[in-house]
Amino acid sequence: MKVTIVVTGASRGFGRSIAKEFCKGWNDQGHSLRFVLTARDESSLINLQHELEVDGAVATYITGNLDSAEGVDTLTEELLKQAFSEECDRFVLVNNAGTLGDINKFTDEYNDINTLQTFFMTNVTSMVYLTSRFLKHLKGIPKINSTIVNVSSLMAVQPEAGFGLYCSSRSARDMFTSVAAAETTQTSNMSLLSYAPGPLDTDMQGTIRNELVNTALRDTFRKMKDEGQLVDPRNSARRLFELLDRNDFRSGSHIDYYDEE
């Protein structure tokens, strides 16, 4: 089987782990893999490209930003061009790129409208646009078994002080994914998933432990780090791979790393 995998925010953290674990999982099954990777950091993308090719996959990368309408539109066109430059039997898009927003402030302190606009462009609008454009394209190729994963969070369903922007953006991502799934119920070979990867031990988590205005929750995360309770991103990426490999989840579902099988 020929599998094409597009990953945004692929240069580090969870995105990098997704690429590595998907490569290992499907390569072990003898499938032919092709990755299209995107992020802002070209040097990290080059390193990941090399690692995937050593592991037996074909990998290309595109650098780009998701914080402006022009940047999102340009990147989307390039991703579509690269993703479907060759035929495949299985297609996966993982919308992983995202930011925390300003976690130094509570909700009554969001006083810069340009900052808000940039945040929602990066975390919501870009995901909506990418998902919509890829859905449209995939509907014209009914023979491909396709899945779009929009990376979510427990905070999509559980509000936490200090995470006003992050919580609202993840909730929006979840609802859009659910609506898109409801609109594609007649397309048996197409599915969408909101995946919450758990509290990952990444650089982003380090930022939370150092900068979160909610001191009680900040201390909780520090304790989790000290006690080894944060989730290795490789383990969460492997869990996501297993979900997609089995492909038996209900389209539009929100599935958390900690959910029972």
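Which residues does Leu 52 touch, not counting residues up to four places away in sequence? In this predicted model, the contacts of Leu 52 are Ala 19, Lys 20, Cys 23, Phe 35, Leu 37, Ala 57 and Ala 59.

Leu 52 belongs to the largest nonpolar core, a set of 34 residues. Together with Phe 22, Trp 26, Phe 35, Leu 37, Leu 240 and Leu 244, Leu 52 touches the most other members. H1 gives the largest share, six residues. A second core of 25 residues is separate. Its members include Ile 62, Leu 135, Leu 138 and Leu 192.

Helix H5 spans residues 164-183. From first C-alpha to last, its 20 residues reach 29 Å, close to the expected 28 Å. Buried positions in H5 are Leu 165, Tyr 166, Cys 167, Ser 169, Arg 170, Arg 173, Asp 174, Thr 177, Ala 180 and Ala 181. An α-helix has 3.6 residues a turn, so residues three or four places apart point the same way. The cover over the buried residues of H5 includes E4, E5, E6, helix H4 (113-139) and strand E7 (253-256).

The disulfide count is zero. For Cys 88, the closest cysteine sulfur is that of Cys 23, 16 Å away, which is too far for a bond. Cys 88 is buried, with 5% relative accessibility. Cys 167 of H5 is also buried, at 10%.

Technical notes
Residues are numbered from 1 along each chain as its sequence is written. This is a predicted model: local features need pLDDT of at least 70, side-chain atom pairs count only at pLDDT 80 or more; totals for chains, interfaces and linings use all residues. Side-chain values use heavy atoms; hydrogens and water are left out. A nonpolar core is a set of buried Ala, Val, Leu, Ile, Met, Phe, Trp, Tyr and Cys residues joined through side-chain atoms within 4.5 Å. Buried means under 20% relative accessible area, exposed over 50%, partly exposed in between (1.4 Å probe, protein chains only). Helices (H or I, at least four residues) and strands (E, at least two) are DSSP runs, numbered from the N terminus. Contact means heavy atoms within 4.5 Å. A disulfide is a pair of cysteine sulfur atoms within 2.5 Å. The expected span of a helix is 1.5 Å times one less than its number of residues.
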